[in-house]
Amino acid sequence: VSLIRNSFDDIKMIWNMTLLNGRFAISNKFKSYFMNTIIHEDTNNKLIIIHKTIYKIFRFSNYRTIDFIIAGAMKGGTTSAVINFNKHPEIYMNKNEVHYFDHFKNYQRGIDWYNSQFDYSDTKKMIGDKAPDVMFIYSSLPLLQRLNPFVKILLFLRNPIERSYSHWKMLKNEYNYTFSYEFNVNDELNHRMDENCFFHNSFWYHTIKRGFYYRHIMEILKFFPRENIYITISENVKDNIDEEYQKIFTFLEVSELHTNFTLDYVSKTSDHLHKNSKIYKTLKTLFTDDVRKLEKFLGYKTNWW
């Protein structure tokens, strides 16, 4: 692609839009900004060819919105992530879920209302939102893309069976949900697997469908490039929290921070679904194909089973 612009903001946007390993030509007056990525210089036409070999996103001070979003998964450790990320001096996250992309009444309030939910102080390099329904409610994705097509997406993926059971426990303990987990699973498997996903019905009834992570990631990739997505396994974060957070900080282009990171789980009980139970085995069979595709996509094992 050959693009000659006078505005450096235009050039930065073209860089953002170019996929990793992509190339574009620009005026050599911007040479000093791209010294490590120039592969050819045409002095006669005053052009340089840029090869995007490093992952970096330019931000625009005259228009700031969220730079990253924790898009899932619900009950995957996203609450802990918000608490710990806010310990970083270069990051700001609203501690509450704004629900801009999955609640139509909030989306109707507009971008100015949404942006007012965040602190854009000069010291805050990265502004983030937690919206764990975004990866599951596909109608949220074009709305997110419209807001910021270069947004960085974080996914915390937990064993889908444990995630489902934790979801049900939350409903039972905090919202007086009276049905058993077995009833919940059978109802979803028999009546809701083809049901449309909206916030309210998904919150109450879709504890299983949320766990098909590979399927959800393929939907995200229809709107955002792979290099804009960082995926971590929730169990790895739990076991090696500092190491895993440093990887995320690198992805977010902020400095390292070694501090007292905490794991904050809302669940009031520590019980788990027994792996030898009939329902666990049923769900394992259901999820195995998606997990194997996910592992192939990631290039490593999840060690969920």
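Visitor: What makes Phe-8, Trp-15, Phe-24, Phe-30, Tyr-33, Phe-34 and Phe-58 a cluster?

Guide: In this predicted model, ring pairs link these residues, Phe-8, Trp-15, Phe-24, Phe-30, Tyr-33, Phe-34 and Phe-58, to one another, and two rings count as a pair if their centres lie within 6.5 Å. A search of the whole structure finds 35 aromatic pairs.

Visitor: How do you know whether Phe-101 and Tyr-114 are buried or exposed?

Guide: Buried means a relative accessible area under 20%; Phe-101 has 4%, so Phe-101 is buried, and Tyr-114 has 0%, so Tyr-114 is buried as well.

Visitor: Why is the pair of Phe-199 and Phe-203 called stacked?

Guide: The planes of Phe-199 and Phe-203 are 20° apart, with 6.0 Å from centre to centre, and because planes under 30 degrees apart count as stacked, the pair is given that name. Both residues lie in helix H8, 4 residues apart, which is about one turn of the helix, and both Phe-199 and Phe-203 are buried.

Visitor: What makes you say that Lys-56 lies over the face of Phe-58?

Guide: Lys-56 is at 5.4 Å from the ring centre of Phe-58, and the limit for a charge over a ring is 6 Å, together with a position within 35 degrees of the ring normal, so Lys-56 is said to lie over the face of Phe-58. Arg-215 likewise lies over the face of Phe-212, at 4.3 Å from the ring centre.

Visitor: Which residues are closest to the centre of the second largest pocket, and what is its volume?

Guide: The second largest pocket has a volume of about 340 Å³, and of the 21 residues that line this pocket, the closest to its centre are Phe-58, Phe-60, Tyr-63, Asn-148 and Phe-150. The lining divides into 11 nonpolar, 4 polar and 6 charged residues, and its largest share, 3 residues, comes from helix H1.

Visitor: How do you know that strand S4 pairs with strand S6 and with strand S7?

Guide: Two strands pair if there are at least two bridges between them; S4 and S6 have 3 bridges in the parallel sense, and S4 and S7 have 4 bridges, also in the parallel sense, so both count as pairs. Phe-68 stands opposite Gly-128 in S6, while Ile-153 in S7 is the bridge partner of Ile-69. Strand S4 is mostly covered, with 5 of its 5 residues buried.

Visitor: What makes the backbone around Ala-73 and Lys-75 worth a look?

Guide: Most residues other than glycine have a negative phi, and most peptide bonds are trans. The bond that joins Gly-72 and Ala-73, however, is cis, with omega at about -5°, and Lys-75 has a positive phi, near 65°. Ala-73 is placed in the loop between S4 and helix H2, and Lys-75 is in the loop between S4 and H2 too.

Visitor: Why does His-99 count as buried?

Guide: The relative accessibility of His-99 is 18%, and the cut-off is under 20%, so His-99 counts as buried. His-99, found in the loop between S5 and H3, has a positive phi of about 60° although it is not a glycine.

How values were computed
Residues numbered from 1 in each chain as written. Predicted model: local features only at pLDDT ≥ 70, side-chain atom pairs only at ≥ 80, totals over all residues. Heavy atoms only, no water. 1 Å grid on protein atoms, 1.4 Å probe; cavity = no way out; pocket = protein on both sides within 12 Å on 5 of 7 lines; lining within 4 Å. Points joined across faces, edges and corners; volume = space filled by probe spheres on them. Helix = DSSP H or I, 4+ residues; strand = E, 2+ residues; numbered from the N terminus. Nonpolar A, V, L, I, M, F, W, Y, C, P; charged D, E, K, R; others polar. Phe/Tyr/Trp six-rings, centres within 6.5 Å; stacked < 30°, edge-to-face > 60°. Buried < 20%, exposed > 50% of the residue type's maximum accessible area, 1.4 Å probe, protein only.
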